[in-house]
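Please consult the sequence and structure shown here alongside the text.

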Amino acid sequence: MAPVKVFGPAMSTNVARVLVCLEEVGAEYEVVNIDFQAMEHKSPEHLARNPFGQIPAFQDGDIVLFESRAIAKYVLRKYSKSAGVDLLREGDLKEAAMVDVWTEVEAHTYNPALSPVVYECLIYPAMRGVPTNQKVVEESLEKLKKVLDVYEARLSKHDYLAGDFLSFADLNHFPYTHYFMGTPHASLFDAYPHVKAWWERLAARPSVKKISANMPLKF
């Protein structure tokens, strides 16, 4: 069987979300780089895969998908049984619901608070040559502190977000948190010992180590 293809730079957060799930289930895959400077993401070939001209796109035979969380769920549903990995917990209604809850929290609460710090401190200065907007950073950090208060309470009761088991909800946090740790504000996590311990458990996973090796903290 031909390996699945993931279209996009391996250092991209959204590409990394898919790749870490592929690693967790031990699936064969090929990363096909998309050159943003050459505007390959707006090429007819890529728009046929992702009509919004974004990354990643994904191909498995005649199945073509876009949107990283949807792709990752497809990967987990296809390979989990054969890999003996259960990151969606779909056999248990309550556990699956908790995975969904914290997956939504990551997308709509955690990521909007944390990602602006990554963009302002790492991505915009390196990619666009613009200085960090400290006002945006400070406002985002205040939002993030409130989010981390909730996470600290949750993780003081459970090892992982959905319960005492690793799930897709946890892995979703990996890409942006990895880059956040390369900003001057990484020490914020020190004030939340249960959150910090949770992150250290995630960061120590072989899948995360492998994918993060292609995600430099200095551009």
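Predicted model: local features only at pLDDT ≥ 70, side-chain atom pairs only at ≥ 80, totals over all residues.

The accessible surface of the chain comes to about 10,900 Å². Carbon and sulfur atoms contribute 54% of that area.

## Fold and dimensions

The chain contains 9 helices and 4 strands. In sequence order, these elements follow the pattern β-α-β-α-β-β-α-α-α-α-α-α-α.

The radius of gyration is 17 Å, which agrees with the value near 17 Å for a compact globule of 219 residues. Along the principal axes, the C-alpha trace spans about 45 × 45 × 25 Å.

Buried residues account for 47% of the 219 residues. Of the contacts in the chain with a separation of 6 or more, 67% are between residues 24 or more positions apart.

## Asp60 in strand β3

Asp60 belongs to strand β3, which covers residues 57-60. Its relative accessible area is 10%, so Asp60 is classed as buried, the cut-off being under 20%.

The side chains of Asp60 and Lys78 are joined by a polar contact of 2.6 Å. When neighbours within four places in sequence are left aside, the residues in contact with Asp60 are Val4, Tyr74 and Lys78.

## Lys81 in helix α3

Lys81 is part of helix α3, formed by residues 68-83. With a relative accessibility of 81%, Lys81 counts as exposed, because the cut-off for that class is over 50%.

Lys81 and Thr109 are 28 residues apart along the chain. The distance between their C-alpha atoms is 31 Å.

Leaving aside neighbours within four places in sequence, Ser140 is in contact with Ala113, Pro116 and Val117.

How values were computed. Residues numbered from 1 in each chain as written. Heavy atoms only, no water. Helix = DSSP H or I, 4+ residues; strand = E, 2+ residues; numbered from the N terminus. Rg over C-alpha atoms; globule rule 2.2 N^0.38 Å. Buried < 20%, exposed > 50% of the residue type's maximum accessible area, 1.4 Å probe, protein only. Contact = heavy atoms within 4.5 Å. Areas by Shrake-Rupley, 256 points an atom, 1.4 Å probe, with all protein chains shown as cover. Polar contact = N/O pair within 3.5 Å; in protein donor to acceptor, adjacent residues only side chain to side chain.
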